[in-house]
Structure formats: C-alpha cells, structure tokens
Number of protein chains: 4
Amino acid sequence: MDDRTGFEVSGVRIGGNEPVIIAGPCTVESEAQTMVVARAVKAAGVKILRGGAFKPRTSPYSFQGLGEEGLKILKAAKDETGLLIQTEVMDTSQIDLICKYADILQVGTRNMMNYSLLKALGEVKVPVMLKRGFMATVEEFMLAAEYITKGGNERLFLCERGIRSFDDSTRFTLDLAAVALIKKMSSLPIIIDPSHATGRADLIIPMSLAALAAGADGVMVEVHPRPEKAMCDGLQSLSLEMFEEFMAKMRSMIEFLASQRREL
Amino acid sequence: MDDRTGFEVSGVRIGGNEPVIIAGPCTVESEAQTMVVARAVKAAGVKILRGGAFKPRTSPYSFQGLGEEGLKILKAAKDETGLLIQTEVMDTSQIDLICKYADILQVGTRNMMNYSLLKALGEVKVPVMLKRGFMATVEEFMLAAEYITKGGNERLFLCERGIRSFDDSTRFTLDLAAVALIKKMSSLPIIIDPSHATGRADLIIPMSLAALAAGADGVMVEVHPRPEKAMCDGLQSLSLEMFEEFMAKMRSMIEFLASQRREL
Amino acid sequence: MDDRTGFEVSGVRIGGNEPVIIAGPCTVESEAQTMVVARAVKAAGVKILRGGAFKPRTSPYSFQGLGEEGLKILKAAKDETGLLIQTEVMDTSQIDLICKYADILQVGTRNMMNYSLLKALGEVKVPVMLKRGFMATVEEFMLAAEYITKGGNERLFLCERGIRSFDDSTRFTLDLAAVALIKKMSSLPIIIDPSHATGRADLIIPMSLAALAAGADGVMVEVHPRPEKAMCDGLQSLSLEMFEEFMAKMRSMIEFLASQRREL
Amino acid sequence: MDDRTGFEVSGVRIGGNEPVIIAGPCTVESEAQTMVVARAVKAAGVKILRGGAFKPRTSPYSFQGLGEEGLKILKAAKDETGLLIQTEVMDTSQIDLICKYADILQVGTRNMMNYSLLKALGEVKVPVMLKRGFMATVEEFMLAAEYITKGGNERLFLCERGIRSFDDSTRFTLDLAAVALIKKMSSLPIIIDPSHATGRADLIIPMSLAALAAGADGVMVEVHPRPEKAMCDGLQSLSLEMFEEFMAKMRSMIEFLASQRREL
C-alpha cells in the first residue's frame, strides 16, 4: 500500500508513508543554545529544526522572543547543518520578514482563528504548518485549513497540540482521536506536538508512540540542552539524552508500522 | 457611593455608575438595514451603534462582511443620528482604515490572543473594547488587557461574551461570575454580549437584567429589522419590537440599581 | 400576572411568584454550630434549613459527615426553630433513614446520573431537590428530573450549581442562562447554589441578585458562624454578618421584581 | 523487564506484561445475540465477555436493560464458552444479585462519584473495573479508586473511556495522556474503552493501537452481530468482521511491544 499524499519541502517529504520528526528549542534563546540543539537533532537524523523567534506570550511582561535576531540564528543553524527551518508567524505584517529566513511557516494555536493571517498565508509560496486552536473543534480546524488552501497554497500540514479541558493534570488534553478522524476526512498530513499538549517531558515518548500507532504523519518535539534553564516551557522539553531515547523508540515504531503496511 | 472609574468617548461615559447600552446589527448588510436599526436604537436612547464591516467567519465560504463599504455605511448612520460607531478590527493592517470611520474599535473573541494586534491597539488614541476569548481564563483575559494598557491606551473596556463548555444548549456559556470577579480585580469597565453568549433572542432580556444585577457596566445587543432574514446570527438578534421591551426593562433595572446605590 | 406553578412543603411555597431562600451550614459539624446558624437564618426570615449529614467527598480520607447523628442535630434545630430541614441522600439504602428526619431530600451533583437513586426517589412522598450534575447538559438534567416525576413524585425542584469548564477562576461556572432556558422549557421550579458554583463568599451576593433578575425561583446559600474554621467549604460560606447583608439585598430585589410583575 | 503488577481472575491476568482484551455486546439483548458474540470473541482468543444487564440510561424512557434475565443469559454464555463475565453494577442494592452471576463488576462512568457504591465494592471479594467519570480529573479518578482499595478489595483495575470536552466530533475525548500519566502514578492496571470514547466503530482500531503503544494494559470493545440493529450504541460497535481485523492488529502490536520489552 503506497500513500501518495503529502508534499515535499526542499527534498523532505511531509505526509505519505514515512512519518516526519521535527525538533528544536521552544524558543531561540542564543546562538550557542540553538547550535547545540541543531547539531543534536541533525545527528539523530532529523531534517527539520523548529524554533521560535516571535513568541505569543500570555503576559506582556514575559519574554517575547528575539525577533529578527532569532531568525538570523536559525538561518545560521541551517547554514551549518542543512536542516530546514520552521518558525512561527504571528501577524500578516511579519510574513515577508520571516519568509526570508524560514522554510516552513507555523501558525500557532492562538492564531488558528486569525483569519486575516490565514488568508495572507494562502498566498505565499512557503509551506505552512497550522496548529489546531486549543478550543477549536475538528470542523473549525478543517475550515481554518480551507482559508489557506483556498488561497492557492497547497503545501499545508496540520498539527494537533492538545485541547483545553476541565482537567489540568496534563497541560492540555491531547486529542488523538481527532488525528485518526482527520486522517479519514482529509488528505492533509497531520502531526502532533506532545510537548505542548502534555506539558511534561515524561509523557512525550508514550504519546508520540501512540500518535504514530494511530496514524499520525509525524511528531514535533521540543529539545533543550538544559531544560531546567529554559526561558520558556522547560518542563516539557526533552533533554538531549531523553531525545536520543525518543528517537530510538520512534525508529522502532516507524519500522514496525512500515512492516505492517508491507504485509497488506 | 460614587464610582469615578470609567472614561468618556465624545461625551458618552463607559464605566462608572450608569450602565451603557450598545446596540446594532451583527453585520452591516446594506445602508437601508443599518439606517432602520440606527434610527430605532437612537430613538430608544442608545448612544453607541455597533455593526460589523470586517467579519471573522469560521468558514472562508461564508459572507466576510462589506469591508470599507460597510464602514462608510456606519459613518453615514453616524452623520444622520449622531450615534458613536463601534466596529471590529481583525488585523493590524486594518487599524488605520477603521480609525477613519469608527469611534470605538472592537477586538473579537477569536483575536483576544492576537498579541500583535493588541500591542498595536495600545498605541492608538481610539478607545477599544476587548472581548474575552471564548477559550480564555479570567487571568488570560486580564493579561490580554494589559497588552493594550501597557502601550498607553487607557480607554479600554472589556466584554464577557460567553465561554465554550461541553453544553451547547446555549451557544456559549455566559460566565457572569467572571464579570463579578473582574469587578473586584480591576477598574476596567466590563459589559456583556448576551446575543453571542446565548445565541437565542429569548434569553437576551433575562441575561441582560442578570448582568446589571451582578454589577456589569453595560450590555451590547444585536438588533435586526428582520432577524429571520439576517445574513449572520439572526436567531440571536432582537427584532425592533423585542428591542423596545428590552430597553424598557433595562431602564427599570438601571433605575432600581441607582436607587439602591443612593440608599447606601 | 400570577404564576401558579410550584408546590407547598408544610406551608412553605417553592416556585411561583415568591423566591425561596434556603440557608444553612454545608456540613452539620456539631449541635452548637448548627443551632447558631439555624437561629440566625430563622431570625432573617428563612424557612428552610439546609445541612449535610452524609457528605459525598472526593477523597475517602476526608470527613464523611456525621451520618445519623447529624440528622438528629438537624431534627433538634427543627424542633426549636420550626425550620424545615433539607439534607442530602446519597444512596437508595439511606432513603428510609433520612425520611425520618428531613422535609426535603437533596440529590447532589455527583448523583444526578445515579438513576437507581432517582427511580427510588420517584416513589417517596417527600419533596426532592435535584442538583444539576456539574457535567450534565440541560437536556440530561431535564431527563434526570423525569426519572423522579415519572415515578409519581411531583414535588420536585431543581438547582443549578455550576458546571465544570476549563476556567477555574471560580470553582465552577455558574450557568445562569441554563436557569433562564429551563424556565422556558419546564414548569419545575429552579433555584441556584452560588456557594458551590463560585466557591467564593464575595461572589454570592452578586450572583444571587443576578439569578433572581434572570427569573430563578430562589437561592440556596451556605452560612457558617466561623467560615475560617469550617470542616468543609469554608471559603464559600457566608459569615453571619455577610448573611445579613445578603438577606437585605435579596429582600430589595424580590420587592423590585414583585413591583415589576404588578405593573404588567 | 518483567512487570509483576496486576492480578489474576480465575486464571486470567489483568495488568502485567500482556494486555487484556475484553469484548462483548454493549447490552445483553437476547440469548441468541449474546451467544453469537460470545462464540466469536472466544474463537478470537478473548477470555472476558462484557455485557450490560442493568443499563444507566440518560432517559427514563429508553430501554433499561434486561436486569436479572440478562445476567442469566451471560451466565449461560459462560457455561458454554468458559469466558469470564464482566457486567455493570449501578447501585449498592444490586451487588449481591450481580455477584451470583459475574466474575468482574463494572462501575460505569456516571457512578464514579457514587461513593456509597464504591465503599460497598471495597468490601466484596469480586474484582472491580472502575471507569473514569467523563467529567472527572485524574486526581478524582485516583481518589475514587482509593474508596475501593481502602475497603480491602485489591483486585481493582481502571478504565479510561473518554472525557467530555467542547468538541463533539467524537462522542467523548479519549484522554490517552491520562493513561500514560496513571501508569507513572499508580500500580493499578488501566485499560481503555474506545467504543464509548469515540462513538465511532471506524476509530476503534487506531485508538486501540495507540493505547497499547502508550502503555495501556488492555482494551475493552463492543461487538454486535448486527450493529445497525443494536438496541444501544450501534454506531460504536464492531461488527464480527471488523472484530476479526481488530484482533489481528491487536496481536501484531502486542507482539511488537513484547519484542521491544525483551530488547531492554
């Protein structure tokens, strides 16, 4: 069984048979931090580096990201490692700037219903990853995706990153059934973000394995050289050591799922 | 007991002792429709006309509003009636245009976490009404407000418009306890939008009375000359006849609450 | 306009034109505590005393109530003050025992879907107050009520006590629109419990005023002589002093609403 | 790595290394229907048959189950096939009766906070499966379990069956991160019920695979010979044909996970 859905970004396939792994720091804090992570994820076989330069923060008094300085650091990481760069765009006015540095634009959960932004992203040539709003239904998520594809940008993939529920024993509630459901409704690739969904590094591996087993097209995780010192979301970042374990388990599961497909 | 909080917009007080009523069509559909409503709300003593020109719609295939054409219709309504104009801004790129026509800028529920927009609105001279995100906690709502006041725009008021819950017997769940709580935490005026909160015209009067009794600084309602023909949200719009009943009941409650204050 | 719905319990009307106030301690802790509260609520004109003897607690290690000893204390309070007694029944096996002491049986939020209990309560002669499950839709609430009335017990009233949402800035989210909606769907009286809904004593007055303005048939509040020493839910209990202020404001609102009805 | 947690029920292990599969009809409708399913699940290697005789239904006008007649049918299925029987108990008064027929007692989601029932089940000798309340936090779920184990009944296992969220694109929101979290907090075995969680037969296989990958101790599914004719929950029942596919995929995943464990 060969699955021809998905698309390529500079030679890296998103969607289709082989799940994609995207990894990197939540926030670009410095060149040193970014380079350590970039080299580690590259060494592990990852092809896309994520990192935030513009950060949507709940409080105006929290660190808001390095801005263009952060984009330049990501570009430097790309120049050294060859990794593709994925970073968040928060506003129509940032699109041109970010397109100069990034290979994939990310729409964050808080902007899933920022329809002005979605419309504008329908008209760029750069691939987009659209995160599900943490309070968006599956139907609203699919309609938000339509805002982008309707504009002509077909290189779109989705990301389930947890929804808000009454229970905060995990940071959000990862909705894996939505992933399985979307696989039945749409040809758009869909990955998960277990770091933001659970808010706990120790749940990232089980949830990532579960997502692949449920049919997800990939996983995006946060990695930090010293999670306890991270400027943002340290509790949910994998250390470099945990990231190695993560990658080993991902590889086994990916291989198992490929063997299952071959048997059909 | 005299309450000196609040501020003035061209002579109309928002916050303080006297609750404010804001009324108008959900969407500006035509000059005729807007004028009929504007005259009716003016005749009833209302001083602020609401109406949407740029509409954030869940589906890209739904009517997206008349845009600048709608702003011109609102301006014409202002020229004839003297009503102040309140309308929604969805994106930083629209601010300059809308400021040419509107007296109050409205941030919709889907944009409460559009921090780029909030920052930009902190720097304009026009008053802003910030709606609570339907997925935002009270704390997140108050921090979103900080994005605007931190920029120097002190003429800000809030609007509770219902949060999303598991029960859709009303469209959203109007959170009046949040209104009472915010009155204890903040000096920012806060009103409610029972039309969007409940999605049912027949619940607007009881919820508006309840909000005033709970201490809200006002109510914003949708009025349409022929709700059954509305292009958007007809089920939750008051007809002109219901609007008269609404205003009569509001006046009685406002008078009762004023008499209670005088006794203290 | 005369509203003939509702019913009588030993001469006290529930439903109909005059809102009912039910007050008392969350939990019967001792005869002394109960008597102090009973005398205070009686003096303020209240006719129904609430108090828990069997307590459904989240943890098996929390105080579970005094059981039959608590029922005897409530009975003693009734003998002295003439107040009617309302207390919670958790299980079919407790019904006979509690009926010996109580005038009104209360089904708690955690038991709204305990259909065996509801069926059994359809067959007793004692009036029942059914609390909405904090996870129940309005439709499920109305169907749970049907379990009781179908059995032949027509003296049933409802209580909205807050639903669970993503926001815990109040303990639960008081759903006043559900109260207004149920008033349109059903002839069953419905009151609110602002103590459990908000979890904050300082929100009880505004929410109670709001509920009456929205058409609720009454309010049930927790009162404790020393809230800071309460064995359960102290933060949400009114002190005796706050209870006096509460009653004064209730009386004014009740009078205002009666004058409004007379004008129609 | 050998995992010694879990316990045995008449030779069938629940918890520990080998995931358990529990299958059967939602509701016992007739001897014929039950026997067809029992033989099919037996043939597929399943050792525990589930089936409801007492059904907690939202409406009093819905089919309430066959009661003791249903228990007798389950017993007949056991006599023929040797399958263990698991069925729901709704109330303390039913415990003795059901213990005469069943090997495992099930507490449904609506009764997770029926603390009288939980206490009583702490004192029986029969193993219990406790379902998570669809509006219960993980903490509340663990404390409900304590009600049973505190009474001395150590043969308890848990079942995640979906929580209620704002999104009804699936019937409930399966919370697999809660499963992974509970595996870190507790030695109690935990399985999932994808039938009730998703409400869709076509999501049962992906969610079951995901649950095993996340570390769940098993899966419970509904099977019906003719789902479209089921008296209850037909849309979420596997047909006999889908059940075969389900079992084949479960076996492959179980074998893969066992091979992973052996490598450690």
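Me: How many residues does the contact take from chain C and from chain B?
Reply: In this predicted model, the contact takes 35 residues from chain C and 35 residues from chain B.

Me: And what area do chain C and chain B bury between them?
Reply: About 2800 Å² is buried between chain C and chain B, with 73% of it on carbon and sulfur atoms. On the side of chain C, the residues that lose the most area to chain B are Phe166(C), Leu181(C) and Phe256(C), which together account for 19% of what that side buries.

Me: How many salt bridges are there between chain C and chain B?
Reply: The count is two salt bridges. Asp167(C) forms a salt bridge with Arg132(B), and the closest N and O atoms are 2.9 Å apart.

Me: Which elements give two or more residues to the side of chain C that touches chain B?
Reply: Those elements are helix 6 (176-185), helix 8 (204-213) and helix 9 (240-263) of chain C. The residues of that side divide into 20 nonpolar, eight polar and seven charged.

Me: What about polar contact between chain C and chain B, how many residue pairs?
Reply: Four residue pairs are in polar contact between chain C and chain B, both residues being at pLDDT 80 or more.

Me: Let us turn to the other pair. How many residues does the contact take from chain D and from chain A?
Reply: Chain D gives 35 residues to the contact, and chain A gives 35 residues. The area buried between chain D and chain A is about 2800 Å², and carbon and sulfur atoms give 74% of that area. In chain D, Phe166(D), Leu181(D) and Phe256(D) lose the most area to chain A, together 20% of what that side buries.

Me: How many salt bridges cross the interface of chain D and chain A?
Reply: Two salt bridges are found across that interface. Arg132(D) pairs with Asp167(A) in a salt bridge, the closest N and O atoms being 2.9 Å apart. On the side of chain D that touches chain A, the elements giving two or more residues are helix 6 (176-185), helix 8 (204-213) and helix 9 (240-263) of chain D. By residue type, that side of chain D divides into 20 nonpolar, eight polar and seven charged.

Me: How many salt bridges are there over all chains?
Reply: The count over all chains comes to 56 salt bridges.

Me: Is Arg132(D) buried or exposed?
Reply: Arg132(D) is buried, at a relative accessible area of 0%.

Me: Which residues do salt bridges that share partners join into one network?
Reply: Arg132(A), Glu160(A), Asp175(A) and Asp167(D) are joined into one network in that way.

Me: A change of topic: how many disulfides are there over all chains?
Reply: The search of the whole structure finds zero disulfides. Cys159(B) is in no disulfide, and the nearest cysteine sulfur, that of Cys26(B), is 13 Å away. Cys159(B) is buried, with a relative accessible area of 0%.

Definitions and conventions:
Residues numbered from 1 in each chain as written. Chains lettered and ligands numbered in written order. Predicted model: local features only at pLDDT ≥ 70, side-chain atom pairs only at ≥ 80, totals over all residues. Heavy atoms only, no water. Contact = heavy atoms within 4.5 Å. Buried area = accessible area lost by both parts, 1.4 Å probe. Salt bridge = Lys/Arg side-chain N within 4 Å of Asp/Glu carboxyl O. Helix = DSSP H or I, 4+ residues; strand = E, 2+ residues; numbered from the N terminus. Nonpolar A, V, L, I, M, F, W, Y, C, P; charged D, E, K, R; others polar. Polar contact = N/O pair within 3.5 Å; in protein donor to acceptor, adjacent residues only side chain to side chain. Buried < 20%, exposed > 50% of the residue type's maximum accessible area, 1.4 Å probe, protein only. Disulfide = S-S within 2.5 Å.
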